[in-house]
Amino acid sequence: TGVSADTPFVVNSATGWITVSGPLDRESVEHYFFGVEARDHGSPSLSASASVTITVMDVNDNRPEFTQKEYFIRLNEDAAVGTSVLSVTAIDRDVNSAITYQITGGNTRNRFSISTQGGMGLITLSLPLDYKQERRYVLTVTASDRTLRDNCHVHINITDANTHRPVFQSAHYSVSINEDRPVGSTVVVISATDDDVGENARITYYLEDNVPQFRIDPDSGAITLQAELDYEDQVTYTLAITAKDNGIPQKADTTYVEIMVNDVNDNAPQFVSPHYQGMISEDAPPFTSVLQISATDRDAHTNGRVQYTFQNGEDGDGDFTIEPTSGIIRTVRRLDRENVPVYELTAYAVDRGIPPQRTPVHIQVTIQDVNDNAPVFPAEEFEVLVKENSIVGSVVAQITAVDPDEGPNAQIMYQIVEGNIPEIFQMDIFSGELTALIDLDYETKPEYVIVVQATSAPLVSRATVHIKLIDQNDNSPVLKNFQILFNNYVSNKSNTFPSGVIGKVPAYDPDVSDRLFYTFERGNELHLLIVNQSSGELRLSRKLDNNRPLVASMLVTVTDGIHSVTAQCVLRVIIITEDMLANSITVRLENMWQERFLSPLLSAFLEGVATVLATPKEDIFIFNIQNDTDVGGTVLNVSFSALAPRGGRYFSSEELQEQLYMKRMALTGASMLEVLPFDDNVCLREPCQNYMKCISVLKFDSSAPFIASPSTLFRPIHPITGLRCRCPQGFTGDYCETEINLCYSNPCLNGGICTRKE
């Protein structure tokens with residue numbers, strides 16, 4: 001009784017034996033307490049109980065375990081034998097367990113030993129260490145309870161001991177340097193070596209005495225110059241250098257450095273004058289003497305011997321040379337003052353020291369002018385811009401030439417020598433100012449050409465001058481009455497209403513620089529025409545996209561900002577119908593083209609056709625004018641239809657052709673146009689075979705753009721001529737080989753007799 005579910009014991013109900021039912025672990029539970037009850041089977045049943053205590057006995061079932069698997073320690077190589085290095089600890093959960101420790105690996109040369117003390121393993125040094133032989137040990141330590149065991153690793157890093165002193169490579173150093181050695185430069189680098197490592201081998205260098213001209217870098221041993229040397233002041237220096245390591249205790253070594261100073265060429269030549277000036281005429285012959293320079297040098301012997309030279313192109317680009325020993329400067333070639341009026345030269349005085357010293361001096365040579373250059377115009381041919389309408393007698397321009405010479409040699413006189421007949425311009429002899437003697441008008445003559453001469457005695461030069469007039473706004477825009485003929489072909493098959501630009505207002509301005517602006521003054525209140533005010537481009541309003549004819553008169557104003565002009569624009573919308581096109585004719589006019597026909601011959605043609613047909617010219621509808629590209633020469637095809645005088649019908653094509661052909665000469669006389677014979681029937685060439693009949697077929701294209709002339713914008717409807725071949729009456733088939741008998745099916749009723757008429 002009183003037993004928990006995880007108790008590892010059960011009691012046999014019949015025999016009373018208590019047995020183990022699960023694993024036991026003394027380290028988890030050492031004692032178990034529970035009750036046992038015995039009961040008989042009598043009636044009433046009687047029972048008795050007893051308390052049971054079970055103690056679990058320990059067995060060696062747990063191995064020792066180190067408290068730390070890895071140990072790290074540093075040990076100096078001069079540690080004494082017997083020195084305690086480290087204690088390691090292992091724990092065994094079993095009772096009365098005796099743990100022993102052993103070094104089982106990594107103990108090179110048996111430098112270490114281990115002993116068991118107080119349950120711990122004490123590692124001690126058993127033999128002297130040598131850093132050069134082994135710098136690191138990794139010991140494997142085993143803890144055992146005689147049956148089970150565990151391992152850990154001990155990492156021992158050996159550190160170097162300061163056992164060696166620094167040693168210089170030489171007990172005495174000797175160095176030779178020049179007195180001009182720059183401050184901060186390295187004189188010599190000395191070094192010592194130390195067989196130790198780490199801090200024990202890190203060497204620091206010291207100067208034993210304070211010598212202000214030198215210092216030593218404590219780390220590198222580099223001796224550098226920190227003050228200028230002078231051979232004349234001191235010839236040699238002796239430095240005592242000590243090298244100390246950073247071990248404990250420090251160890252040191254000392255050496256001596258002897259520095260000998262060499263004399264150098266440290267005095268530069270000095271010129272007698274700080275700068276020199278000379279003067280020479282530009283026509284002097286080559287090798288003419290200009291001037292002499294002189295310098296001295298304080299040094300002796302070769303260091304004080306001076307020569308003279310030009311260097312690095314500072315000799316006037318080779319125009320001058322200098323004698324090395326005398327210092328006399330001479331010209332090399334003829335000079336040109338207009339090219340170089342003043343030379344800025346640099347000469348050098350150089351001694352013969354090693355290295356040589358040199359001193360520059362500035363030399364200015366001024367070139368004197370002679371009259372050796374003719375005047376020069378901007379170009380042999382150039383243009384001058386002059387405003388038109390300049391006041392007569394006023395200066396309109398100044399034409400000048402340049403003389404590269406100077407002073408009196410550069411005085412220039414001007415005159416016009418050609419192109420001034422009749423006398424239009426007058427030129428001032430000294431200033432070159434150009435005066436207009438007449439009224440200059442751009443529209444009359446936009447350009448004058450004269451030849452002018454510039455004289456610098458005895459030298460002369462000429463140039464051709466194009467005097468171009470600058471247009472002024474002194475003319476009004478030009479605009480005449482014009483008309484827009486819009487042939488509006490309304491078809492169910494397509495809609496080709498012109499939605500883009502149809503043309504421009506035919507205005508222009510004689511002033512080429514003017515900008516024109518276009519507006520409708522009146523008559524266009526419904527905005528049937530849309531004008532671009534800056535370009536004059538015209539568009540048709542969509543309000544005209546219908547089948548109603550229209551005549552609208554409008555006033556158009558064009559201005560250049562100062563002047564304005566107004567003209568009449570007549571918009572005529574003619575509705576072109578299928579009936580008109582079907583009853584139309586095309587005549588051919590020789591020596592004629594579209595623009596010439598529209599302006600001014602359109603009206604003459606209408607009057608001529610009206611006279612021939614005896615009908616009003618308002619009833620004649622020209623719907624196409626087109627250059628004939630199938631023939632040589634200039635031939636214009638004009639297509640039109642016309643209303644008959646009475647009955648309100650259109651002349652048929654045959655009637656038009658007959659009357660115009662019969663009265664062709666009268667038409668020519670009335671219209672002053674030469675009418676050619678008709679050539680619009682494509683069937684004249686008999687293109688059909690197998691006795692087929694040729695039928696001319698006309699189609700019309702209304703997508704062509706407007707045609708422009710000075711007085712008319714015309715929208716053409718292009719006819720497209722075609723043909724169709726038809727079998728003779730009574731025959732059919734691809735080759736007209738089948739005879740047609742309409743009586744074959746007895747179509748007549750009531751006893752009627754069918755008679756063939758095919």
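Helices and strands are here DSSP runs, a strand being a run of E of at least two residues, numbered from the N terminus. By that convention, L207 is found in strand 17, which spans residues 203-207. The model is predicted.

**Annotated spans**

- The UniProt record, an unreviewed entry, carries the annotation "domain: Cadherin" for residues 9-66, 67-168, 169-271, 272-377 and 378-479.
- Over residues 9-66, the chain is 0% helix and 45% strand. The end C-alpha atoms of residues 9-66 are 35 Å apart.
- Residues 67-168 are 0% helix and 54% strand. For residues 67-168, the distance between the end C-alpha atoms is 51 Å.

- R63 is located in the loop between strand 4 and strand 5 (65-66). With a relative accessible area of 37%, R63 is partly exposed, because that class lies between the limits of 20% and 50%.
- Beyond its neighbours within four places in sequence, R63 is in contact with I91, D92, D145, L148, R149 and D150. The C-alpha atoms of R63 and S144 are separated by 7.6 Å, although these residues are 81 residues apart along the chain.
- I156 belongs to strand 12 (residues 149-159). Its relative accessible area is 0%, so I156 is buried.
- Leaving aside neighbours within four places in sequence, the contacts of I156 are I73, L75, V85, F112, R135, R136, Y137 and L139. From I156 to S97, the separation is 59 residues in sequence and 29 Å in space, C-alpha to C-alpha.
- L207, in strand 17, has 24% relative accessibility and therefore counts as partly exposed.
- Apart from neighbours within four places in sequence, L207 is in contact with F214, R215, I216, L239, A240 and I241. L207 and D441 are 234 residues apart in sequence, with their C-alpha atoms 100 Å apart in space.

**Backbone geometry**

- Most residues other than glycine have a negative phi, and most peptide bonds are trans.
- The peptide bond from S43 to P44 is cis, with omega near 0°. P44 lies in the loop between strand 3 (31-39) and strand 4 (47-55).
- I421 and P422 are also joined by a cis peptide bond, for which omega is about -5°. P422 is placed in the loop between strand 33 (413-418) and strand 34 (425-427).
- N389 is a residue other than glycine with a positive phi, near 65°. This residue sits in the loop between strand 31 (381-387) and strand 32 (395-398). At 36% relative accessibility, N389 is classed as partly exposed.
- A614, likewise not a glycine, has a positive phi near 55°. The loop that holds A614 runs between helix 2 and strand 48 (620-627). A614 counts as exposed because its relative accessibility is 60%, above the limit of 50%.

**Packing of helix 2 and helix 4**

- Helix 2 (residues 594-613) and helix 4 (residues 664-671) pack at an angle of about 145°, and their axes are 8 Å apart. The crossing of these two helices is right-handed.
- From helix 2, A604, F605, G608, V609 and V612 take part in the contact, where they meet A666, L667, A670 and S671 of helix 4.
- By residue type, this contact of helix 2 with helix 4 divides into 7 nonpolar, 2 polar and no charged residues.

**Two sides of helix 3**

- In helix 3 (residues 653-662), the buried residues include S653, L656 and L660. These residues cover an arc of only 65° around the axis, which puts them on the same side of helix 3.
- An α-helix has 3.6 residues a turn, so residues three or four places apart point the same way.
- On the other side of helix 3, E654, E658 and M662 are exposed.
- The cover over the buried residues of helix 3 includes helix 1 (578-582), strand 47 (585-590), helix 2, strand 49 (635-642) and helix 4.

Technical notes: Residues numbered from 1 in each chain as written. Predicted model: local features only at pLDDT ≥ 70, side-chain atom pairs only at ≥ 80, totals over all residues. Heavy atoms only, no water. Axes fitted to C-alpha atoms, helices over the stretch in contact; angles between N-to-C directions. Helix = DSSP H or I, 4+ residues; strand = E, 2+ residues; numbered from the N terminus. Left-handed = near helix turned anticlockwise from the far one by under 90°. Contact = heavy atoms within 4.5 Å. Nonpolar A, V, L, I, M, F, W, Y, C, P; charged D, E, K, R; others polar. Buried < 20%, exposed > 50% of the residue type's maximum accessible area, 1.4 Å probe, protein only. Arc of directions from axis to C-beta. UniProt positions renumbered as here; feature names shortened; annotations may be inferred.
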